[in-house]
Amino acid sequence: MATQPSRELELFPNPQPERDYTIRITIPEFTCLCPKTGQPDFATLVLEYIPEQQCVELKSLKMYVWSFRDEGAFHEAVTNEILDDLVRATAPRFMRLTAIFNVRGGIDTTVVAEHRQEGWQAPPAVKLPSLNVQVIAGYRIVGQRVNSGLHLLVQGGGDRTVAGQHSHA
């Protein structure tokens, strides 16, 4: 039997409920229909949340997101509907859903919706060195700022690793 879209979100217990940690999920294949034209709208969804007692199971999230494929919805409405459903299911400390819709008619739309559990305070941010990871032609390229230079690490092609340092003159 073929897999079918579903609005049912499955959960599993948070393995570290005593700790604030962020789960970040990127969903690059979200699709719904424009309610005015019936044309497909494509988006990348970025879900970020700090769980309380429950986490969302990824396959059920995939089937849930798939369930919007044949539905007409304005970008703002569908982003908030998805956030509301996820908050209702998981009751997180914090949740943010960013919907980055593809350009249509020369217009680029990004919708950001957030939920904060009543009384929850975000811990102070910790500033870490930036890390940029890209995959180009099968090679994983990691760039990290070190002092006044940029350290590059290239991985790929079996077990080869190449590291180098570039300094600004």
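Cys-55 counts as buried in this predicted model, because its relative accessibility is 1%, and the cut-off for a buried residue is under 20% relative accessible area. Another cysteine, Cys-34, is also buried, with a relative accessible area of 15%. Around such residues the model places an open sheet of 4 strands with antiparallel pairing, while helix 1 and helix 2 lie across strands.

**Cysteines**

- How many disulfides are there? The count comes to 0 disulfides.

- From one strand to the next, the twist averages 15°.
- Strands of a sheet pair through backbone hydrogen bonds, and this pairing can be either parallel or antiparallel.
- Strand 2 and strand 3 are joined in the antiparallel sense over 9 bridges, and one of the pairs to look for is Thr-26 with its bridge partner Val-46 in strand 3.
- Between strand 2 and strand 3 the hairpin has 6 residues, and in this hairpin Gly-38 takes a positive phi near 80°.
- Strand 3 and strand 5 also run antiparallel and are joined by 8 bridges, with Ala-43 standing opposite Phe-101 in strand 5.
- Strand 5 (residues 94-104) pairs with strand 6 in the antiparallel sense over 9 bridges, and here Arg-104 has Ile-107 of strand 6 as its bridge partner.
- Strand 3 is largely enclosed by the rest of the structure, because 8 of its 11 residues are buried.

- Leaving aside neighbours within four places in sequence, Thr-109 is in contact with His-75, Ala-99, Ile-100 and Phe-101.

**The helices**

- Helix 1 (residues 58-66) lies across strand 2 and strand 3 (40-50), and its direction is at about 25° to strand 2.
- Helix 2 (residues 75-90) lies across strand 2, strand 3, strand 5 and strand 6, running at about 155° to strand 5.
- The buried residues of helix 2 include His-75, Val-78, Ile-82, Leu-86 and Thr-90.
- After helix 2 comes Ala-91, whose phi is positive, near 45°.

**The nonpolar core**

- In soluble globular proteins, nonpolar side chains tend to be buried together.
- Which residues touch the most other members of the largest nonpolar core? Among its 27 residues, they are Phe-30, Leu-61 and Ile-82.
- Two or more residues of this core come from each of strand 2, strand 3, strand 4 (54-56), helix 1, helix 2 and strand 5.
- Not counting residues up to four places away in sequence, Ile-82 touches Phe-30, Leu-45, Tyr-64, Phe-68 and Leu-97.

How values were computed:
Residues are numbered from 1 along each chain as its sequence is written. This is a predicted model: local features need pLDDT of at least 70, side-chain atom pairs count only at pLDDT 80 or more; totals for chains, interfaces and linings use all residues. Side-chain values use heavy atoms; hydrogens and water are left out. Two strands pair if DSSP finds at least two bridges between them. Axes are lines fitted to C-alpha atoms, for helices over the stretch in contact, and angles run from 0 to 180 degrees between N-to-C directions. Contact means heavy atoms within 4.5 Å. A nonpolar core is a set of buried Ala, Val, Leu, Ile, Met, Phe, Trp, Tyr and Cys residues joined through side-chain atoms within 4.5 Å. Buried means under 20% relative accessible area, exposed over 50%, partly exposed in between (1.4 Å probe, protein chains only). A disulfide is a pair of cysteine sulfur atoms within 2.5 Å.
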